[in-house]
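Please look over the aromatic side chains and their surroundings in the structure shown below. The report that follows takes them in turn.

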Amino acid sequence: MRVGVPREVKVQEHRVGLTPMAVREYAHAGHEVIVQAGAGTGIGADDAAYVAAGARIVATAAEVFAAAEMIVKVKEPQAAEWKMLREGQLLFTYLHLAPDPEQTRGLIESGCIAVAYETVTDERGGLPLLAPMSEVAGRLAIEAAAFALRKPAGGKGLLIGGVPGVPPARVVVVGGGVVGTHAARMAVGLGAEVTILDRSLPRLRQLDELFQGRARTRFSSVATIEEEVLGADVVVGAVLVPGASAPRVVSRAMLGAMRPKSVLVDVAIDQGGCFETSRATTHDAPTFEVDGIIHYCVANMPGAVPQTSSHALNHATLPFGLALAGRGERAMVDDPHLRRGLNIHRGRVTCAPVAQALGLPAIAAEAALGM
Ligand SMILES: NC(=O)c1ccc[n+]([C@@H]2O[C@H](COP(=O)([O-])OP(=O)(O)OC[C@H]3O[C@@H](n4cnc5c(N)ncnc54)[C@H](O)[C@@H]3O)[C@@H](O)[C@H]2O)c1
């Protein structure tokens, strides 16, 4: 198959759909890969690296879209991009269609076959193409918090790990899933005093095993969250209730009772945020203060480290992308997990939650694929 990789055009997006490593895998499997000039600049991969991996470089996105049978990207297509998609062309990328009627309409009208990273599943019920970005965001959350605790950054002037004779910062992680586990690992590694709250007992048992006493676990309730948050220097919000807005675990009323200049990192901001006072911020101005408490609420945290994020994302997308390139839409007939990624098929919505959110008719992916 002829596979195309355009340069990302969304503001502040420096990741790339295929790294040179992945291009070499596609070429090795007999596929032709067309890459737009400069597509890998943001991760330090120049055009020569792509040529060495077996790609052909073209100057414009229009050439990529015109020539390719499948487009591999990172971010949802922007208006200029979805206008270049055509009937039957495969699109493999993050889409996040539920809150985006305009893009959804654009993809429907194009007639393309749109497979969304975020709805592909695995055999344990997880979301394998979201997990790498949660790993990155969880680890970054502690870096962001450590920085925000410093005086020159407007913080309280606390070293997160302390030093001998001086206690470390108290880090509370609400939600012990992928984000929470990676945040806790970083915090423990830096020597902080760490507590993880979750509502899932199986998850708390796993965390207890994993951390071997180096992080405390607590059942998440109104009372335990309040107790932990009021004594914290850093609170990481990492909760997720699949398919729902993030539950609000910290109210505005609690801020006044917290230690002054403590830091709230709301990783769940992309699902609406789990602190009442959160509002989405950008890497250019990541923090703001409410009632003397510093808030960090960047909605695309992995965008700050596009090299790490692109490699991590490619490791996860590679087997699915190769399957699509090898067997076209038949790959989704063969693999129920990849099929869960199908959001739009030749003008029809095949993802029930997207259809429901936008008030559109839906057709089962199986029916669309002729199964
Ligand atoms: N801001 C960013 O750049 C960024 C990047 C990646 C992920 N995220 C977001 O981070 C959030 C967490 O993602 P994840 O991959 O870790 O999800 P996950 O499903 O792996 O973990 C979520 C955890 O929250 C727990 N939980 C649910 N309700 C709770 C409550 N009331 N109290 C305590 N725990 C509760 C669940 O039991 C689960 O263990 C999601 O909203 C995700 O979209 C944001």
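Is Tyr 117 buried or exposed? Tyr 117 is buried, because its relative accessible area is 0%, where buried means under 20% relative accessible area, exposed over 50% and partly exposed in between, with a 1.4 Å probe and protein chains only. This is a predicted model, in which local features need pLDDT of at least 70 and side-chain atom pairs count only at pLDDT 80 or more, while totals for chains, interfaces and linings use all residues. Residues are numbered from 1 along each chain as its sequence is written, and side-chain values use heavy atoms, with hydrogens and water left out.

A search of the whole structure finds 2 aromatic pairs; rings of Phe, Tyr and Trp (its six-membered ring) pair if their centres lie within 6.5 Å, and planes under 30 degrees apart count as stacked, over 60 as edge-to-face and the rest as tilted.

| Pair | Geometry | Centre to centre | Between the planes |
|---|---|---|---|
| Phe 92 and Tyr 117 | edge-to-face | 4.7 Å | 90° |
| Tyr 94 and Tyr 117 | edge-to-face | 4.9 Å | 80° |

Tyr 94 lies in the loop between E5 and helix H5 (101-110) and Tyr 117 in the loop between E6 and H6, so their pair ties together parts that are 23 residues apart in sequence; helices (H or I, at least four residues) and strands (E, at least two) are DSSP runs, numbered from the N terminus. Tyr 94 counts as buried because its relative accessibility is 5%, and Phe 92 is buried as well. Together, Phe 92, Tyr 94 and Tyr 117 form one aromatic cluster.
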